[in-house]
Amino acid sequence: MGEIMLLIFVFVIAGFLGVELISKVPSQLHTPLMSGTNAISGITIVGAISATAIAVSTSNDILGTVFGFLAIVFATINVVGGYLVTDRMLGMFKKKEDKNK
Amino acid sequence: MNTNELINVFITVLYMVSAVLFIRGIKLLGKADTARKGNLMSSVGMLIAVVTVLAEKEVRDSFTLANVAHNGYLYIIVAVALGAVIGAIWAKKVEMTGMPQLVALFNGFGGLSSLLVALTQYINDKQTTPFVGITLGLTIAIGAIAFTGSVVAWGKLSGKLFKKSVTIPAKNFINAVLAIAGLAGVCLYAFSGANEKLGFVGIVLVTATYLILGLTMVVTIGGGDMPVIISLLNAFSGLAAAFAGLAISNSVLVVSGCLVGTSGLILTLIMCKAMNRTLYSLLFGSFGAASSKKGAASDKEPRSMSVEDAYLILEAASSVVFIPGYGMAVAQAQHSVKELADKLEENGAEVNFAIHPVAGRMPGHMNVLLAEANVPYEQLKTADEMNPQMPNVDVAIVIGANDVVNPSAIDDETSPIYGMPIINAYEARTVFVLKRGKGTGFSGIENPLFTNDNTIMLYGDAKQTVSSLVSEFEDA
């Protein structure tokens, strides 16, 4: 029970932290912010890896192995693709160059 | 302290480092100068988290040389390599105009992954406690909605699926039934105790109903409302990861998932505010039903002009504002627009871009396109920054935008968009509207701006019109 309450505690605190972090973001950064946080939601890859390991070794279930494998694949696409595409976008945002040359 | 305990301490510390990097990364992502560094920082956090999980006990236990087919690391490495290659190729190949659908698709994959994690976890251990049951059930529900919802959004944005607007009769009733049936499934599973059959029924019920719910919820939503729904789905995929973390008691999943969930929710509310609509009316109301009253129609004919005459007006202008909309993305006109902006600046005019928060199909869509065309971000102004200066603007050039410059939002109470904050293009001395043809545009709302006395329509493909204006400047 103690661990459950601690997890819920972490859940609530992280939620409020998210509100504080995001509330003042200029509108021009909305897309990179969205795709950057989208990449973070691929953190589910951590859960996918641990669930797959159990499915492969302990429970030895074919359906579980397939689901787990696919979960890792999709989460990795989300993570790698998300970070790369965000970086590409942010690389395009430039300040005004010297106009008086 | 034995070795196992020591490793566990290390694992906890590394997860902590990775969570801190995510928090710091999101913070830096919110400022233009540091955004790229922030994204890098959060990706390092992700790398640390992924390496750390490889040292977890259940993953270490899956290591075996005796029987390679049962070696967990083999599966993990192959799956990660496969996903990394696919993700990298897509991220490299995508055109900036295709960005909204790619973000939607990646988001769908995140949701699908959380859904599959929950199902794998269920298969691994069919008996459950109520807490794990409820969180696992909710992971399935939210992950499933995020998955099918994002796929539908991807289909709509890329024009591959659901091209025509779809209406579902008694939509709210159907959605409510699906949602409640799914939640009943969650309870059934959570309180099934040792009865595995009952638990199985519950899991199947929640998976099926919420996969369908994602479809029925998003399929009726029109293109103009896409920025809101994309950020909402983004919030869902984060929440799904957070609930998965609660179910398998992994704190790094809880922290990062929850951060994404709330940040997505805030972005959603910002978008809603920019359209003067509540999230409730967007999801449960029907924009289509309001189309019976399209606002007061005017009998006046809009005035149009040739490119040559338009050039003469532009040439004399000392202050010009571009107001882009989704039409600019469709015509891929952003590079030509930048050329025209350069010509105007050479000609001594002050050039700005006024960008409405919901212009385009995702939050900040226009900013990304214009940044791709090398427009410096100091020139990109929000509606609040630009509107007070609008009466001093000589020419406002509206490119493929419609509702976001519709003055009915201010003065016509019968208009469906009444109350929505707009860019006051009508206050400029002259307004050019670049438009494919006559008509009200996709939302079907009458726009009195087009028939104003100071408005001049330039019909035709936006990219072509802008290019011919550029060549007029070159010939001069």
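## Start with chain B

Select chain B: of its 476 residues, 54% count as buried. A residue is buried if 20 or more other C-beta atoms lie within 10 Å of its own, exposed if 12 or fewer, and partly exposed in between, with C-beta atoms placed from the backbone. The model is predicted, and local features need pLDDT of at least 70, side-chain atom pairs count only at pLDDT 80 or more, while totals for chains, interfaces and linings use all residues. Residues are numbered from 1 along each chain as its sequence is written, and chains are lettered from A and ligands numbered from 1 in the order in which they are written.

Now switch to a cartoon view. Chain B shows 18 helices and six strands. Here helices (H or I, at least four residues) and strands (E, at least two) are DSSP runs, numbered from the N terminus. Along its principal axes, the C-alpha trace of chain B spans about 80 × 50 × 35 Å.

Next, think about contacts. Two residues are in contact if their C-beta atoms, placed from the backbone, lie within 7 Å. Take the contacts in chain B between residues at least 6 apart in sequence: 76% of them join residues at least 24 apart.

## Two domains

Colour residues 98–292 of chain B as domain 1 and residues 307–475 as domain 2. These bounds come from an automatic or database domain assignment. The centres of the two domains, taken over C-alpha atoms, are 36 Å apart. Where they touch, domain 1 of chain B gives 18 residues and domain 2 of chain B gives 16 residues.

Which helices of domain 1 supply at least two residues each to that contact? Select helix 5 (99–124), helix 9 (226–247) and helix 10 (251–274) of chain B. The domain 1 side has 13 nonpolar residues, five polar and no charged. Ala, Val, Leu, Ile, Met, Phe, Trp, Tyr, Cys and Pro count as nonpolar, Asp, Glu, Lys and Arg as charged, and the others, Gly among them, as polar.

Stay in helix 9 of chain B and pick G245(B). G245(B) counts as buried because it has 30 C-beta neighbours inside 10 Å. Its contacts, leaving out residues up to four places away in sequence, are G47(A), N250(B), S251(B), L253(B), V254(B) and G257(B).

## Where the chains meet

Show chain A as well. Chain A puts 81 residues into the contact, and chain B puts in 97 residues. On the chain A side, helix 1 (2–22), helix 2 (30–40), helix 3 (44–57) and helix 4 (62–92) each supply at least two residues. The largest share, 29 residues, comes from helix 4 of chain A. By class, the chain A side holds 45 nonpolar, 28 polar and eight charged residues.

Now select helix 4 of chain B, residues 72–93. At 1.5 Å a residue, its 22 residues should span 32 Å, and its end C-alpha atoms are 32 Å apart, so the two agree. The expected span is 1.5 Å times one less than the number of residues.

Which residues of helix 4 of chain B are buried? They are G72(B), Y75(B), I76(B), A79(B), V80(B), G83(B), G87(B) and A91(B).

Zoom in on A91(B). A91(B) counts as buried because it has 23 C-beta neighbours inside 10 Å. Leaving out residues up to four places away in sequence, A91(B) touches G81(A), L84(A), V85(A) and R88(A).

## The nonpolar core

The largest nonpolar core has 200 residues, and those with the most contacts inside it are I72(A), I323(B), V398(B) and I399(B). Such a core is a set of buried Ala, Val, Leu, Ile, Met, Phe, Trp, Tyr and Cys residues joined through C-beta atoms within 7 Å. Domain 1 and domain 2 of chain B both give residues to this core, so it lies between them.

Finish by selecting I72(A). Its contacts include I45(A) and I49(A), as well as I76(B) and V80(B).
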